[in-house]
Amino acid sequence: MTDPLHLASFLHNSAVQTALWIGALAAILNGSIGIFTVLRQHSFAGHALGDGSSAGGAVAIFLGSAALWGFLGMAWLAALAMGALGLRRARERDLATGVVLGATLGISALFLYLDVSSTQASGATVEVMFGSIFALDPQLLWPTILLVGVAIALIVLLYRPLLLIAANPDLGRAAGLPVRRLELLYLLLLGTAAALSALSIGVILATALLLGPAASALRLARRPWQSFLYAQGIALTAVLGGIYLAFMSYYWSDGASWPVSFFVVLLILLLYLASAALASRRRTKR
Amino acid sequence: MPAFSVSTDPVLEVSNLGVRLGGRQVLQDISFTLKKGSVSALIGENGAGKTTLLRSILGIQTWQKGSIRVLGKTARGQLSQIGYVPQKIAFDPYLPLRTRDLVALGQTGRHWWQRSDTAAVAEALAAVQAESFAEQRVGMLSGGQQQRAVIAHALARRPRLLLLDEPLANLDFASASRLVELLGVLARKQGISVLVTAHDMNPLLPILDHLVYLVGGRAAAGNVAEVVRSDVLNRLYGYPVEVLQHRGRLLVLPENPQQGLEIPCHVHEHLDQHD
Amino acid sequence: MFSSFLLHTWIAATLLAIAAGSLGYFVVLRRSAFAAHALPLAAFPGGALASLLGFAPLWGLGGFAIIGVLFLRIFSLLGRRDVAMGLLLSSFLALGGLFLSLGREYAARVYGLLFGEVLGISSASLLPLALLVSVVLLLLLWQFPILLLESTQPELANAHAISSARIEWFFLLLLALVSAAAVPVVGTLLVFTLLVSPAAAAQRLSRRPYHAWALAILFAELLSWSSIALSYWSNWPLSFFVGVQGALLFLFSRIFARS
């Protein structure tokens, strides 16, 4: 064959095309919203929202409705619950998040069990927990574009006040910002990002996509807006590269392709280490 | 109303303010006024209600009795006239904001997606002498520099009233006296009314016009000579206290430690839980 | 309900609840719910590798949980601790997913490892489990006062020449051992509920350390016994009852402590 990288077959495969588009959209949203999650030290909450959305995914499969709305609905519900519990007090936050997470995981355990035993969805666990990016319904593309478009527009419009209240909520209040409403908006955006990545690269790996690129970008950026662009760039590299490597692994290991999520997380981890090395080199140079 | 009469209005007018928090009367019957371009201090120990009073003036804290008027209007909705510097500032080193960006975020009265007013930002940076670290991340600065960055943030909206919560805590003597000098300049040259909370009035005495002395949620207000007197403070504390004067510095002590209070006052301060 | 094949489950769960309740007491004191969630997930690839290569899962689980502790300490030095935790659980799960995808019976194994298999406890696995639990318990009792002091008053502990870093290592290693022991029963995802909910409820109800500690063990026992019983009667998964009852226990303790 004259195409050792298999780029032609990669880009002409319709399952790959859908995967690339939805993966890219999830990457852009997660990279951007992750900036606030890392700054607020909300990693556990961000992870819990992704895990919590799995219960919605499991319920949606059980009811036979579109998985996207199951994931989204549960993530938004959990986000509102977290907003009501008050995520500000750090000591309470850890326990409250843990207990909410336990309850939602219990629910997803039940519905995944019911999915497997009473419907024909034998792969439900794998689908919900690890994602099934090569089996995504192309019809998901338009709702995803719409959701990510709205979310990114809100972030572009509001990133400065959102950064200020993440830095110090009292400064935000003194500047006349509606701090509570902005925090709720942030949580809903976080829920949206968690649900989308749960759907594409799977619930648990969503956490890496949310935190890794943003934490790397925050080390490197010199301007506020740069942190968002860097995070999006790193997230895109990891997701698109991960999809490509997973596709290629089909050729390397005759037939038994390796999971996308493995490659995505591996790339995120490597880029995180690279950013740490780069930042420390920059510091010693100064 | 003719324009000239506005300047004679007090910048801040607090009358009969009462605040209850979680079933506890935190502030009771507080009244005082601040004039344009004056420096005032809110003196009291931990838990005396200083932060609650500042938050009430900002409109962040709701109150049950009395009124607060800023420039003749009710305090809510007057935020663009007030600059606020919270206590214990410690920005995250990860925060992707340079000092310049933080200052630009202090501007109000414009939409958040509009470009910032660079002239106001430069002016605010110059006022606190922060040009040298304007391009550095705020989280990487020293404590004193972070505080100046936040003061510049507050000045960027060109306020008429500047509130600072315990700005002298955690500063060494040199930085503290530089800050006091800066606050004096802001009041005299720019006509900003400055209100500072503190445990200790002494570092502020050189610039102080006015004093509000808080004990257990009640206050005595006036200039230093009117308030820091044993008869006024006796009534406030509810037990006899003595005012000692030494080379221009003032010290308030319980009158007779053997009879009145068994705990000397410096120990007392340590025992008070920080809230 | 007490037939021989379920008897193993009862014994395993009882042993486990002792370890989970007593260590959970410190998880709550140290506000380490995220760590208690991440380390069992770090053990996940060990279980997957064991099923791929066919050795006893306990070794794989324990080994990978300890590797997870190393990962956590190294990445905590590089940056945020909570980010390190998030990266740990994601990357180790991805690794586990890879191991599972290389073997057969992919879907069934994933569910078993993530949510537990009550009937998967063999009599041969009870002895190592009992050993593991007693090691954890002995280590914990040996260091109880020091751990208590460091968890509540770190500055005071440092003044007594107790190193916070060393205590954190010790605590995380104990957490890794309990995770490895608990994963086969309740599954990777819900181990932390067994650690967090009983201890959080106990600390709401009692302020005295040893009293709250004993109460945490009792609650952990009640939680796991009732979950097994309900799971047996309803035929629904054990981890569903652990998760939901854990949340209810926490809520009740809050209501009860307030009134």
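A salt bridge (a side-chain nitrogen of Lys or Arg within 4 Å of a carboxyl oxygen of Asp or Glu) joins the side chains of Glu135(B) and Arg98(B), with an N to O distance of 3.0 Å. Glu135(B) belongs to the loop between helix H3 (118-127) and helix H4 (143-155) of chain B, and Arg98(B) to the loop between strand S6 (82-85) and helix H2 (99-104) of that chain, so the pair ties together parts that are 37 residues apart in sequence. Over all chains, the count by this rule is 14 salt bridges.

The model is predicted, so that local features need pLDDT of at least 70 and side-chain atom pairs count only at pLDDT 80 or more, while totals for chains, interfaces and linings use all residues. Residues are numbered from 1 along each chain as its sequence is written, chains are lettered from A and ligands numbered from 1 in the order in which they are written, and side-chain values use heavy atoms, with hydrogens and water left out.

Chain B contains an open sheet of six strands in the order S6-S7-S8-S3-S9-S10, with mixed pairing; helices (H or I, at least four residues) and strands (E, at least two) are DSSP runs numbered from the N terminus, and two strands pair if DSSP finds at least two bridges between them. S6 and S10 of chain B are the edge strands, each with a single partner strand, so one side of each is left without a neighbour in the sheet. On average, neighbouring strands of this sheet are turned by 15° against each other, direction ignored. Axes are lines fitted to C-alpha atoms, for helices over the stretch in contact (heavy atoms within 4.5 Å), and angles run from 0 to 180 degrees between N-to-C directions. H4(B) lies across S6 and strand S7 (161-164) of chain B, at about 165° to S6(B).

Strand S9 (residues 210-215) and strand S10 (residues 218-222) of chain B are paired antiparallel over five bridges. Leu214(B) has Ala219(B) in S10(B) as its bridge partner. The two strands S9(B) and S10(B) make a hairpin with two residues between them, and Gly216(B) in the turn has a positive phi of about 50°.

An open sheet of four strands in chain B has the order S2-S1-S4-S5 and antiparallel pairing. Strand S2 (24-34) and strand S5 (73-74) of chain B stand at its edges with a single partner strand each, so one side of each is left without a neighbour in the sheet. Strand S1 (residues 12-21) of chain B runs antiparallel to S2(B), and seven bridges join them. Val19(B) has Leu27(B) in S2(B) as its bridge partner. Helix H1 (residues 50-58) of chain B lies across S1, S2 and strand S4 (65-70) of chain B, at about 120° to S1(B).

The contact between chain A and chain C takes 49 residues from chain A and 51 residues from chain C. Buried area is the accessible area (1.4 Å probe) that two parts lose on being put together, summed over both; between chain A and chain C this is about 4300 Å², of which carbon and sulfur atoms give 76%. In chain A, Leu95(A), Val99(A) and Phe130(A) lose the most area to chain C, together 14% of what that side buries.
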